[in-house]
Amino acid sequence: KKKKKKKGKKMEALLRLANGMSGSSLKMIITQALSTSGLFVFGELLDLEQVRALEGTDAEPYLNLLRIFAYGTYQNYTQQQDLLPALTEKQKRKLLLLSIVSLAQKSKTVSYDDLEIMLETSSLRELEDCVLECIDKELLMAKLDQRNREMLVEWTFGRDVLDTDLSAMLTTLSRWHRNCEGTLKQLDDEIIKASNLKAERRREQTEHNDKVAAIKVAVGMALSNTDEMMMND
């Protein structure tokens, strides 16, 4: 919770600065946001009217770079690197971590091969260091399976989402909701079935006990009659 508050305060400070700026002066704010430690979401900055207004200006490359940090990956950056500002080592590292999160959001099992492609590295040490840093910064929770060369994902933090992706997310959530409802109905049916079975077994046990009791009474009466006959004799 403390980390979340710190991240919120960092963004609030940047937003206050940005509100008093326009045009090319926003380059500094964007660069600072991309370099700030612990800041991994940029939607609020992108939502500012003066930031969106950078499109079509000489500062547009900074807007596009901000969008990559919000929604994209390191691969997206290298594909259009000539049209974008150069990354500092700190910014590059942050984008690599965000790229790992993007992969982890798509699949619970991520192969080392996919990670190597995404990070554009063949170094196992660098790959695993990046994943461990993601875990340390609470960007995701995962385990490294070195034998099978896989990253096993438990959860990830939520990156910024494009408006165009919202419909797909809603579809996925609706499908998940329907699946949950189906699972709950199956559980209810199993509970009812178990309850009915238990009641049936209780009824059978009661009938069995009644029969045993009736046999005991019949045997007792038969023995009693036998005793009386012997006494009469």
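**Helix H8 and its surroundings in a predicted model**

In helix H8 (residues 112-119), Tyr-112, Leu-115, Glu-116, Met-118 and Leu-119 are the buried residues, where buried means under 20% relative accessible area with a 1.4 Å probe and protein chains only. Viewed down the axis of H8, these residues fall within an arc of 165 degrees, so they line one face of the helix, the arc being that of the directions from the helix axis to the C-beta atoms. The model is predicted, so local features need pLDDT of at least 70 and side-chain atom pairs count only at pLDDT 80 or more, whereas totals for chains, interfaces and linings use all residues. Residues are numbered from 1 along each chain as its sequence is written, and side-chain values use heavy atoms, with hydrogens and water left out.

**Overall make-up**
- The secondary structure of the protein comes to 10 helices and three strands, taken as DSSP runs numbered from the N terminus, with helices (H or I) of at least four residues and strands (E) of at least two.
- From the N terminus on, the elements run α-α-α-α-α-α-α-β-α-α-β-β-α, and buried residues make up 29% of the 233 residues.

**Around H8**
- The buried residues of H8 pack against helix H6 (74-79), H7, strand S1 (109-111), H9, strand S2 (140-145) and strand S3 (150-156), with contact meaning heavy atoms within 4.5 Å.
- H8 is followed by Glu-120, whose phi is positive, near 55 degrees.

**H7 against H9**
- Helix H7 (residues 89-106) and helix H9 (residues 124-136) pack at an angle of about 80 degrees, with their axes 10 Å apart, which makes H7 roughly perpendicular to H9, a description that covers angles of 65 to 115 degrees.
- The contact is made by Arg-93, Leu-97 and Ile-100 of H7, together with Asp-129, Cys-130, Val-131, Glu-133 and Cys-134 of H9.

**The nonpolar core**
- The largest nonpolar core has 51 residues, and those with the most contacts inside it are Phe-42, Leu-45, Ile-100, Leu-115 and Met-151; such a core is a set of buried Ala, Val, Leu, Ile, Met, Phe, Trp, Tyr and Cys residues joined through side-chain atoms within 4.5 Å.
- H7 gives the most to this core, with eight residues.
- Not counting residues up to four places away in sequence, Leu-45 touches Met-11, Leu-15, Ala-18, Ile-29, Ala-33, Val-51 and Leu-66.

**Thr-36**
- Thr-36 lies in the loop between helix H2 (26-35) and helix H3 (43-46), and this residue is buried, with a relative accessible area of 17%.
- Leaving aside neighbours within four places in sequence, Thr-36 is in contact with Lys-10, Leu-14 and Lys-94.

Notes. Buried < 20%, exposed > 50% of the residue type's maximum accessible area, 1.4 Å probe, protein only. Axes fitted to C-alpha atoms, helices over the stretch in contact; angles between N-to-C directions. Parallel < 35°, antiparallel > 145°, perpendicular 65-115°, else oblique.
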